[in-house]
Amino acid sequence: MKQHVLAAAFIAGVCIAAGGSPLPAAAAQQFTTAVTPLLDGAGGKSIGSLAPGAALDVVGQSGSATHVTLHGWYAAGSTAIVDTDPAKHIVALSGFTGHGTAGAAQAVTIDGWVATSALTGDVQTVWKAAAALYAQKCGQCHALQPVNSYSANQWPAILKTQADNAGLDPGETALILTYLQVQSGH
Ligand code: HEC
């Protein structure tokens, strides 16, 4: 997965991001552990559905909710879907009801809130859980396919038929699909 890399320097206790905007010293990246609603405020309404493993920059905290920004790319022709990468159709957010003009793939930053309990600072825990589910659900009828057997853009078509074979629910499908796409390496 192409992650948002923040080249930061600490000068006199102030964190200066590459773009020049000051960030609180506690700013850190968090990751969704499962399909999770993105909210328009702490305890607000859903404005879209975050995929498992979505990388979010933390802006702040209020009660049991975390204020985040998502950096991604509108999929070509759609502002309802935000991908992690302009060339790979790895979904970070779907069903987005915010604004934008559909056209070519374009970079977008989306502001929202997520239940803090749905986040982890260690994305490897997400991929470990996904790998275990993949081994459990997808190795029953044939050998497990190495994750690099297919590219990030090929796995979705495979999962369309195989998710039914394995009896996956939508959350399990999203977790396994994102895992296969991110780990595929191409
Ligand atoms: C109920 C048995 C069964 C389960 C469970 C199963 N598969 Fe399959 N899989 C098949 C069969 C049968 C084929 C060959 C025919 C077809 O494509 O459906 C196949 C083919 C494939 C192929 C070859 C490409 C293709 O589409 O033909 C891939 C890759 C694959 N499966 C991945 C998966 C993944 C990933 C999972 C877990 C989500 C999974 N399979 C779960 C039965 C299963």
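Author: We begin with the core. The largest nonpolar core has 39 residues, and V82 and L93 have the most contacts inside it. Such a core is a set of buried Ala, Val, Leu, Ile, Met, Phe, Trp, Tyr and Cys residues joined through C-beta atoms within 7 Å. This is a predicted model, in which local features need pLDDT of at least 70 and side-chain atom pairs count only at pLDDT 80 or more, while totals for chains, interfaces and linings use all residues. Residues are numbered from 1 along each chain as its sequence is written.

Reader: Which elements give two or more residues to this core?

Author: They are β7 (55–62), β8 (65–74), β10 (91–94), β11 (106–115), α1, α2 and α3. The largest share, seven residues, comes from α3. The chain has three helices and twelve strands; helices (H or I, at least four residues) and strands (E, at least two) are DSSP runs, numbered from the N terminus.

Reader: What makes I110 buried or exposed?

Author: A residue is buried if 20 or more other C-beta atoms lie within 10 Å of its own, exposed if 12 or fewer, and partly exposed in between, with C-beta atoms placed from the backbone. I110 has 21 other C-beta atoms within 10 Å, and is therefore buried. This residue is found in strand β11. Buried residues make up 28% of the 186 residues in the chain.

Reader: Which residues is I110 in contact with, leaving aside its neighbours within four places in sequence?

Author: They are T69, L70, V82, L93 and G98. Two residues are in contact if their C-beta atoms, placed from the backbone, lie within 7 Å. I110 and T69 are 41 residues apart in sequence, yet 5.4 Å apart in space, C-alpha to C-alpha.

Reader: Why is A135 called exposed?

Author: A135 has 11 other C-beta atoms within 10 Å, so the residue is exposed. A135 is found in helix α1.

Reader: How do you know how α1 and α3 are oriented to each other?

Author: Two packed helices are described by the angle between their axes and the distance between the axes. Axes are lines fitted to C-alpha atoms, for helices over the stretch in contact, and angles run from 0 to 180 degrees between N-to-C directions. α1 and helix α3 (residues 170–184) pack at an angle of about 110 degrees, with their axes 9 Å apart. Angles under 35 degrees count as roughly parallel, over 145 as roughly antiparallel, 65 to 115 as roughly perpendicular and the rest as oblique. α1 and α3 are therefore roughly perpendicular to each other. The contact is made by W127, A130, A131, L133 and Y134 of α1 and by E172, L175, I176, Y179 and Q183 of α3.

Reader: How many residues surround the ligand, and which are closest?

Author: There are 14, and the closest are C138, C141, Q162, N165 and A166. A residue is counted if its C-beta atom, placed from the backbone, lies within 6 Å of the molecule. Two or more residues of this shell come from each of α1 (123–138) and α2 (155–165), and α2 gives the largest share, five residues.
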